[in-house]
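Here's a quick briefing to read with the model open beside you. It goes from the overall fold to the sheet, then on to the charged residues.

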Amino acid sequence: MASSPLTPRLLKAGLVRVEPQTGVLIEVVPLQYNPDTLSRTLQPRGATDGAPAEEATRLTGPPTETISLEAELDATDALENAEPTDDAATLGLWPQLAILERMLYPGLAAMRAAHAQAARGAIEVLPAPEPLTVFVWGRSRVMPVRLTDMSVTEDAFDTALNPIRAKVKLSLRVLNANDLGFTSWPASLYLAYQGRKESLAGRFGGRALSDLGLEALQ
């Protein structure tokens with residue numbers, strides 16, 4: 001049955017990988033199911049205990065923001081209609097898991113190039129820059145991130161021991177404009193994200209003190 005035209009289109013959360021200098025799209029990694037919960041922690045950057053009084057209300061930069069979520073992956077539906085040679089039948093969830101795990105590895109070509117440079121006597125071999133990861137959670141939250149932790153629980157397997165059901169816990173650190181270089185293209189993503197926050201706060205923050213019962217402060 002076709003969905004009703006009045007049914008709102010469900011946006012998919014996911015990760016996008018782009019070339020950091022140009023913003024050219026490399027790949028899109030949608031989460032199979034949108035997580036039920038999203039945990040966020042924000043730690044302000046500002047005055048520390050014992051700082052002079054004039055520093056008490058100063059913020060030295062954007063907060064350190066971290067995000068945690070748990071994604072569920074399930075190949076059961078795909079297996080019901082899969083041909084014997086389809087990835088779902090021969091590999092289970094390995095391709096989906098690999099695309100997430102790859103974000104934690106330097107590319108093999110870069111590793112081999114660095115090894116070759118070291119073998120030729122290069123004093124310092126800098127790691128090649130990896131693609132920029134962008135976390136997308138609706139239109140108001142599109143932000144550059146670094147994957148800082150990932151744990152995988154595989155809880156069902158096919159006859160070849162390929163995982164067919166898994167839970168993946170991801171921890172992300174939001175990369176702010178200071179991390180990325182204020183005038184860079186990736187920093188513009190963060191600034192747009194912060195700008196949306198300020199705009200949304202402005203829609204709600206213009207309340208009268210009487211709403212709080214604090215007329216005496218006026």
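Predicted model: local features only at pLDDT ≥ 70, side-chain atom pairs only at ≥ 80, totals over all residues.

**The fold at a glance**

Residues 24 or more positions apart account for 61% of the contacts in the protein chain with a separation of 6 or more, a contact being heavy atoms within 4.5 Å. Numbering starts from 1 along each chain as its sequence is written, and side-chain values use heavy atoms, with hydrogens and water left out.

**Overall make-up**

- The protein chain comes to 6 helices and 7 strands; these are DSSP runs numbered from the N terminus, with helices being H or I of at least four residues and strands being E of at least two.
- Reading from the N terminus, the elements go β-β-β-β-α-α-α-α-β-β-β-α-α.
- Of the 218 residues in the protein chain, 24% count as buried. Buried means under 20% relative accessible area, exposed means over 50%, and partly exposed is in between (1.4 Å probe, protein chains only).

**The sheet**

- The 7 strands form an open sheet in the order β2-β1-β5-β6-β7-β4-β3, with antiparallel pairing. Two strands pair if DSSP finds at least two bridges between them.
- At the edges sit β2 (25-30) and β3 (38-46), each of which pairs on one side only.
- From one strand to the next, the twist averages 25 degrees. For angles like this, axes are lines fitted to C-alpha atoms (for helices, over the stretch in contact), and values run from 0 to 180 degrees between N-to-C directions.
- Strand β1 (residues 14-18) runs antiparallel to β2 and is joined to it by 5 bridges; G14 has P30 in β2 as its bridge partner.
- Helix α3 (residues 94-101) packs on the sheet and touches β1, β2, β4 (59-74), β6 and β7. The direction of α3 makes about 145 degrees with that of β6.
- β4 and β7 pair antiparallel over 9 bridges, and A71 stands opposite V168 in β7.
- β6 and β7 also pair antiparallel, over 11 bridges; T153 has K167 in β7 as its bridge partner.

**The β6-β7 turn and D158**

- β6 and β7 make a hairpin with 5 residues between them, and L161 in the turn has a positive phi of about 65 degrees.
- D158 is in the loop between β6 (142-157) and β7 (163-174).
- What about a charged partner for D158? D158 is buried yet has no salt bridge, and the nearest side chain of opposite charge, R165, is 12 Å away. Here Lys and Arg count as positive and Asp and Glu as negative, while His and the chain ends are not counted.
- A polar atom of the D158 side chain does lie 2.9 Å from the backbone nitrogen of A160.
- Leaving aside residues up to four places away in sequence, D158 touches A89 and I164.

**Salt bridges**

- The structure holds 7 salt bridges, each being a side-chain nitrogen of Lys or Arg within 4 Å of a carboxyl oxygen of Asp or Glu.
- E27 lies in strand β2 and R17 in strand β1, so the pair ties together parts that are 10 residues apart in sequence. Both E27 and R17 are buried.
- E65 pairs with K197, the closest N and O atoms being 3.5 Å apart. E65 lies in strand β4 and K197 in helix α6 (residues 185-205), so this pair ties together parts that are 132 residues apart in sequence.
- E65 is buried, with a relative accessible area of 3%, whereas K197 is partly exposed at 34%.
- D155 and R165 form a salt bridge too, at 3.4 Å from N to O. D155 is in strand β6 and R165 in strand β7, so the pair links parts that are 10 residues apart in sequence.
- D155 is partly exposed at 33% relative accessible area, and R165 counts as partly exposed at 36%.
- Salt bridges that share partners join R17, E27 and R102 into one network.

Terms used: Polar contact = N/O pair within 3.5 Å; in protein donor to acceptor, adjacent residues only side chain to side chain.
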